[in-house]
Amino acid sequence: MAKTEEKDLDLEELVASVTQSADEEQTAEQDEVSALQEEAQSEGRRIDVLNLPPRRTVHDGARTGFRLRWNGTLVRFILLTIIVLAGISYIMLYTDVPSLFPDLF
């Protein structure tokens, strides 16, 4: 009978250790969950993506008047126009070309 009692005690110890480790795991998981919840609350407001208004209602009011986009083509056109106007004004002011056309000027 001593052997069966020993086996019973060993079995009881194993069961106790398993239940104790399960309890420790549950408390550890609960601690992690509460830490994550506190962290999420400290981050500020969270946006619920599923509860957003439709895209059309959000973007309809954001339209403004005229908007100029500065791309390379527009910049080149403006620079070329300035250079041509500067060249024409230089020719008209500092050369004898206007004297060649007395009827025009």
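Leu79 sits within helix α3, which spans residues 72-94, helices being DSSP runs of H or I with at least four residues, numbered from the N terminus. With a relative accessibility of 47%, Leu79 is classed as partly exposed, a term for values between buried (under 20% relative accessible area) and exposed (over 50%), with a 1.4 Å probe and protein chains only. This is a predicted model, in which local features need pLDDT of at least 70 and side-chain atom pairs count only at pLDDT 80 or more, while totals for chains, interfaces and linings use all residues. Residues are numbered from 1 along each chain as its sequence is written, and side-chain values use heavy atoms, with hydrogens and water left out.

**Aromatic pair**
- The count comes to 1 aromatic pair, where rings of Phe, Tyr and Trp (its six-membered ring) pair if their centres lie within 6.5 Å, planes under 30 degrees apart being stacked, over 60 edge-to-face and the rest tilted.
- The ring centres of Tyr90 and Tyr94 are 5.5 Å apart and their planes stand at 40°, so this pair is tilted.
- Both Tyr90 and Tyr94 belong to helix α3, where 4 residues, about one turn of the helix, separate them.
- Tyr94 is exposed, its relative accessible area being 62%.

**Chain and confidence**
- The chain contains 4 helices and 0 strands, and buried residues account for 2% of its 105 residues.
- Mean pLDDT, the predictor's confidence in each residue from 0 to 100, is 76 for the chain, with 74% of residues reaching 70 or more.
- Among the elements of the chain, α3 has the highest mean pLDDT (92) and helix α1 (residues 2-43) the lowest (72).

Technical notes. Helix = DSSP H or I, 4+ residues; strand = E, 2+ residues; numbered from the N terminus.
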